[in-house]
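This briefing is meant for a reader who is meeting the structure for the first time.

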Amino acid sequence: MSLSVAVACVLLFLAAAYAVVLYNGLVRLKHGVSKAWSNIDVLLRQRHDELPKLVETCKQYMQHERSTLERVIKARTAVSDAREQGDVGALGQAETGLRAGLGRLFALAESYPELRANESFRHLQQRISGLESGIADRRELYNESVNLNNVRVEQFPDVLLARAFGFREAALLQFSEAEKADLDLKPLFG
């Protein structure tokens, strides 16, 4: 075996090893995005299961606040539909509606001392608030995973393997400026 053949074999082996390392990195990032989405999904499901209990508890005290309760129920359905379809854009919009509805519901609860004193309501309010914090944390992790994936899918030489093997960019979970604005609760107390 000549020296040039040996060098060519070594270079070919190194190129193949490098391609395998790049490919495995892309696979790891793709699954990282899926895992981050699954983590959000778990919390969304838990909150989805808790909201009917909260609404039912509130109904006992807030008969004339039906429109607020109905908005929370509609928003819950919209979040569930977007989650099941894996539609990140629709989920961001539905999440905003649900957060606004919950904000109104919790603000209105301040007008009902019996409701605020109800042990079940307090427990559910704390549980849902905790889930909201968890969802926000997981959303940040998801977006970081998506960002890492998207950078690698676009940068050279990864882009060559990404295109060849069908690796795609993932969508960030984003909110518009209007959706991120603080909820104005003054009209609820007027």
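Is A19 buried, partly exposed or exposed? A19 is partly exposed, because its relative accessible area is 27%, where buried means under 20% relative accessible area, exposed over 50%, and partly exposed in between, with a 1.4 Å probe and protein chains only.

The model is predicted, so local features need pLDDT of at least 70 and side-chain atom pairs count only at pLDDT 80 or more, while totals for chains, interfaces and linings use all residues. Residues are numbered from 1 along each chain as its sequence is written, and side-chain values use heavy atoms, with hydrogens and water left out.

**Helix packing**

- Helices, here DSSP runs of H or I with at least four residues, are numbered from the N terminus.
- The axes of α1 and α5 come within 8 Å and cross at roughly 160°, the axes being lines fitted to C-alpha atoms over the stretch in contact, with angles from 0 to 180 degrees between N-to-C directions.
- That angle makes α1 roughly antiparallel to α5, since angles under 35 degrees count as roughly parallel, over 145 as roughly antiparallel, 65 to 115 as roughly perpendicular and the rest as oblique.
- The crossing in which α1 passes α5 is left-handed, a term for a near helix turned anticlockwise from the far one by less than a right angle.
- The residues in the contact of α1 with α5 divide into 22 nonpolar, ten polar and nine charged; Ala, Val, Leu, Ile, Met, Phe, Trp, Tyr, Cys and Pro count as nonpolar, Asp, Glu, Lys and Arg as charged, and the others, Gly among them, as polar.
- For α1 and α2, the axes come within 10 Å and cross at roughly 160°, which means that α1 is roughly antiparallel to α2.
- The crossing of α1 and α2 is left-handed, and among the residues that meet there are W37, L44, L51, V55 and C58 in α1 and L69, V72, I73 and V79 in α2, where contact means heavy atoms within 4.5 Å.
- The residues of this contact of α1 with α2 divide into ten nonpolar, two polar and six charged.
- The axes of α3 and α5 come within 12 Å and cross at roughly 150°, so α3 is roughly antiparallel to α5.
- The contact between α3 and α5 is made by V88, E95, R99, L102, F106 and A109 of α3 and by F121, Q125, I128, S129, E132, I135 and Y142 of α5, and its residues divide into eight nonpolar, two polar and three charged.

**Nonpolar cores**

- In soluble globular proteins, nonpolar side chains tend to be buried together.
- A nonpolar core is a set of buried Ala, Val, Leu, Ile, Met, Phe, Trp, Tyr and Cys residues joined through side-chain atoms within 4.5 Å.
- The largest nonpolar core has 35 residues, of which L54, C58, L102, L105 and Y142 touch the most other members.
- The elements that give two or more residues to this core are α1 (3–59), α2 (66–85), α3 (88–109) and α5 (119–154), and α1 gives the most, with ten residues.
- Leaving aside its neighbours within four places in sequence, C58 is in contact with L69, L105, L115 and F121.
- A second, separate core of six residues includes L26, L161, A162 and F167.

**Individual residues**

- L29 lies in helix α1 and counts as buried, because its relative accessible area is 17%.
- Apart from its neighbours within four places in sequence, L29 is in contact with L148, N149 and R152, while L29 and V153 are 124 residues apart in sequence and 9.5 Å apart in space, C-alpha to C-alpha.
- A19 also has its place in helix α1, and A19 and P157 are 138 residues apart in sequence and 9.2 Å apart in space, C-alpha to C-alpha.
- P157 lies in the loop between α5 and α6 (158–165), and a cis peptide bond, with omega about 5°, joins F156 and P157.
- Most peptide bonds are trans.
- G97, in helix α3, is partly exposed, with a relative accessible area of 33%, and the C-alpha atoms of G97 and K74, 23 residues apart along the chain, are separated by 8.9 Å.
- A107 is found in helix α3 and counts as buried at 6% relative accessibility, and A107 and V20 are 87 residues apart in sequence and 55 Å apart in space, C-alpha to C-alpha.
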